[in-house]
Amino acid sequence: MSTIADRIAVVGAGAWGTALANVIARAGRTVTLFARDAASASAIAARRESPHLPGVRVDERIAIAAPTEHRPDSEVILIVVPAQALRDAASGLAGTIAPGTPVVTCAKGIERTTRRFMTEVIAECLPGAVPAILSGPSFAADVARGLPTAVTLAAANEAVAQMLARSLGSATFRPYHSVDVRGVEIGGAAKNVLAIAAGIVTGRKLGASAVAALTTRGFAELMRFGRAYGAQPETLTGLSGLGDLILTCASQQSRNFSLGVALGQGRGLDEARRSGHLAEGAFTAAVLVDMARARDVEMPIASAVAAVLDGELAIDAAIEALLTRPFRAEG
């Protein structure tokens, strides 16, 4: 296996896909960015700007294409679409990639209808591929502009993980490689749900101390869930776990946090979802809680978020229930 991949495809020309394409171009690789259709590809190529990332120029070295016109002919493929759209995007690549090609999911979630983690979806749709995942504390606008960012890049095979990290890494984009695929997936999925809770607390103006307490106790939930599903503790306390949780629970740039703020301010659920754009945590909350219950994992904060999102519990009632839980030892 080569120590560095030169030809890399990015499937998905949203904000994060565009940002990663810029990263790869700056790393000196040959990169093709695949938009949804021919019209979208033509518009991005003409303006050198994605409508999902206004004000950020798409690097001139990036080729823009549509899957209907050109198939990925690359050594590595990044699929950069929302978690619930990953199956369709991966299925669209079936029969078009060489066996052994690393396919990296960049989504943070769990497939709601199947309870599958992201690399499991890739393995089902593309049996000959080598699944991997990229996750960590990162905002698309920062990454696209070349601001310093560190993430985790995991694959079951350490040589593959190292190769991917070298291929995507640069002075301002630092992937740390890992073989704990499940831990990276769990960190990214769970922190989105907890960020909604942090946003609700902020929107309700309960104070910085309350946000800090919720984030800390939310991390304890993430750790319990991770242990139950085989994650390594050092992964959960690293960039793709604690690092991403800290970022997402404290910034309006986070769609999940912004969704929570809108809910906490008393906006209706539909209006709040619109203000938060696509918040992955809204789709992940219920399945995360179901999976926790299946293994007797206590997750009161995530459960409260799921109940609020499903219309089963009012926000004030959810807050009161959390505040009146029995006193217990920390852990």
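The buried residues of α15 are I315, A318 and I319 (buried means under 20% relative accessible area, exposed over 50%, partly exposed in between, with a 1.4 Å probe and protein chains only). These residues span an arc of only 95° around the axis, so they lie on the same side of α15. The arc is that of the directions from the helix axis to the C-beta atoms. Helices (H or I, at least four residues) and strands (E, at least two) are DSSP runs, numbered from the N terminus. The cover over the buried residues of α15 includes α7, α11 and α14, where contact means heavy atoms within 4.5 Å.

The model is predicted: local features need pLDDT of at least 70, side-chain atom pairs count only at pLDDT 80 or more, and totals for chains, interfaces and linings use all residues. Residues are numbered from 1 along each chain as its sequence is written, and side-chain values use heavy atoms, with hydrogens and water left out.

Helices α7 and α14 pack at an angle of about 75°, and their axes are 9 Å apart. This makes α7 roughly perpendicular to α14 (under 35 degrees is roughly parallel, over 145 roughly antiparallel, 65 to 115 roughly perpendicular, and the rest oblique). Axes are lines fitted to C-alpha atoms, for helices over the stretch in contact, and angles run from 0 to 180 degrees between N-to-C directions. From α7, V193, L194, I196 and A197 meet I301, A302, V305 and L309 of α14.

The largest nonpolar core has 48 residues. Such a core is a set of buried Ala, Val, Leu, Ile, Met, Phe, Trp, Tyr and Cys residues joined through side-chain atoms within 4.5 Å. F225, L288 and L309 have the most contacts inside this core. At least two of its residues come from each of α7 (181-203), α8 (208-228), α11 (255-264), α13 (280-294), α14 (300-309) and α15 (315-323). The most come from α7, with 11 residues. Beyond its neighbours within four places in sequence, L288 contacts I110, A190, V193, F225, M299 and A302. Another core lies apart, with 42 residues, including A13, L20, A132 and A140.

An open sheet of 8 strands shows mixed pairing, in the order β3-β2-β1-β4-β5-β8-β9-β10. Two strands pair if DSSP finds at least two bridges between them. At the edges, β3 (63-65) and β10 (173-178) each have a single partner strand, so one side of each lacks a neighbour in the sheet. Strand-to-strand twist averages 25°. Helix α4 (residues 118-125) packs on the sheet, touching β5 and β8, and its direction makes about 150° with that of β8.
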